[in-house]
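Biologist: I'm new to this structure and would like to learn how to read it. Could we go through it together?

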Amino acid sequence: MTKLEARGWRLAPLAVAAALSLSCSRGGSSAAETTPADTKKFLDTANATLLKLGIAANQAGWVQQTYITDDTEAIAARANQDLSDANARLAKEATKFDKVAAPADQRRELLLLKTSLVLTPPSDAKESEELSKIMARLESTYGKGKWCPDPAKPDACRNIDDITKILATSRSEKELRAAWEGWHSIAPPMRKDYQRFVELSNKGARELGFADTGAMWRGKYDMPADDFTRELDRLWGQVRPLYLKLHAYVRMKLRQKYGDAVPADGPMPAHLLGNIWAQDWTNIYPLAATPNADPGYSLTDILKKRNVPPLEMARIAERFYTSIGFDPLPKTFWERSLFVRPKDRDVVCHASAWDIDVESDVRIKMCIDQTAEDFTTIHHEQGHNFYQRAYKDQPVIFRDSANDGFHEAIGDTIALSVTPEYLVRIGLLDKAPDTSRDIGLLMNKALEKIAFLPFGLLIDQWRWKVFSGEVAPSAYNKAWWDLKLKYQGVAPASARGEELFDPGAKYHVPDNTPYTRYFLADILQFQFHRALSKIAGCTLPLNRCSIYQSKEAGARLNAMLSMGASRPWQDALETLTGSRQMDATAILDYFAPLSTWLDAQLAGQKVGW
Ligand SMILES: [Zn+2]
């Protein structure tokens, strides 16, 4: 549910490495002197180093997030820096073996080392330091970002939480527009820094042999960079017709609410969709609500009425996984996880799954409430943990998901199995409602998952063009809005010139976290769900299938999970689904009832913009 990586040895996002001691990358031992035996030795050392520093960073990170003080923050920052320094150094050393003959698995370990970096500092110590400072500045500009409607009243300034709340709950066009513009006013100071960041990070990527930073990011997807870009467009093409229908329906509903502020057949105003970036529209569900939308039960009410404790909710989730054949979580999971918000200290409550020792010390950190949302989230988070357990026997570099879309997709796949029928089978619900009640549930899910897809795609489309130079600094903002229009069909309420820097108002841009993984996760989870439901013999509509208690589905899932990152993701995908290609048509299957319903609602309406 959360747009956050699970934590293993590879921290995401990797902090920029400080000046590297490896200024010898050009003058070091040449390929001619490097032998296959050296490759093995290098990889053994790399695995051991990453394991040691990864564990230290995870332990420090865990303490920092569950016991926030200035000291724990400093300790965690130091441990992260040590890990990312080592990672950057090993990535550069790995290039020495580019031309050495090596068995396929060693070749893959070298490749993953080189592509594990999100940012490569240039070897030049001064430039590396400059990059470090820019990254810190970008992050803090975002982190401290505030909208001050009246500069004379600093107490009235709004931070991102305040603005998020306004966007989610206000139904005043004027107030929404002011808040939207207010948040975007934090970004223009980042513009110059971002331009320099692009130059310096590209320099580092070129030292690793990549054309630019964007090519380095695409380099981890087991196919030529250009093919991968085309592949994403193909997937988007599959799901776009459904997005257009949802877009047209929501536009119609917004027009009913806001009148001429919303065009009848043009793009939707970006500030009216319940979210600062228009990436998730669930907050405007009340405006888009469907008749007969009530599913006939409330899981939140059931959990509260029966007073199901947080720990029991986690136990229920574990029983899902053991029901499909996975071993129970280790005793330490129950001893060391954080399930409820402590009363005596500050913690980061944002749900996350951890793999502290990259072997068996898995945990979750979550402040569980008795809500339907948290019930689903705990199933999702444990999905990360069972993935981590499944690949624990791989070499350290392979203890990761097949590609970075897979980890989030697994948790979400299992969350898709939290259906009314599942609730009946575990005794929380007496009787599953009739499928005619599904439109409301599907609409809610579509406002989250379908609405997100074009956004999940366009962030990196923009960055790849920026890194490659196809988009010049003089056109940063224009290119951003061109893509917003092309993919999302949304437009700003007022002109956005080049004095602004609207991409910087999205966390992942100043923070430099790649974003395509979230698009992939959204596609893959439905493809996994369809494949597993078929293996489980489900004959219900896809949105009603749960793989609970299916040992066959569990075995196939485990076969894929235990591969970790040891093979190209296409092999992993084939192991589970029988196909080597990602396929967004499972999304169409899942939302088929909603799609038909939308057709009826949209009679006579223009679809598209
Ligand atoms: Zn997750």
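Biologist: Which protein donors hold the zinc ion, and how far from it do they lie?

Modeller: A word on the source before that: this is a predicted model, where local features need pLDDT of at least 70 and side-chain atom pairs count only at pLDDT 80 or more, while totals for chains, interfaces and linings use all residues. Residues are numbered from 1 along each chain as its sequence is written, and side-chain values use heavy atoms, leaving out hydrogens and water. Donors are N, O and S atoms within 2.8 Å of the metal (3.2 Å for Na, K and Ca); water is not among the atoms, so sites may look incomplete. Here they are His380 (NE2), His384 (NE2) and Glu408 (OE), lying 2.1 to 2.4 Å from the zinc ion.

Biologist: What spacing do the donors of the zinc ion follow along the chain?

Modeller: The spacing is H-x3-H-x23-E. Histidine 380 sits in helix H14 (residues 372-390) and glutamate 408 in helix H15 (residues 404-416), 28 residues apart, so the pair links distant parts of the chain. Helices here are DSSP runs (H or I, at least four residues), numbered from the N terminus.

Biologist: Is histidine 380 buried or exposed?

Modeller: Buried means under 20% relative accessible area, exposed over 50%, partly exposed in between (1.4 Å probe, protein chains only). Histidine 380 has 0% relative accessibility, so it counts as buried; glutamate 408, at 4%, is buried too.

Biologist: Which residues of H4 are buried?

Modeller: They are Glu127, Ser128, Leu131, Ile134, Met135, Leu138 and Tyr142. The face turned away from that buried side carries the exposed residues Lys126 and Gly143.

Technical notes:
Helix = DSSP H or I, 4+ residues; strand = E, 2+ residues; numbered from the N terminus.
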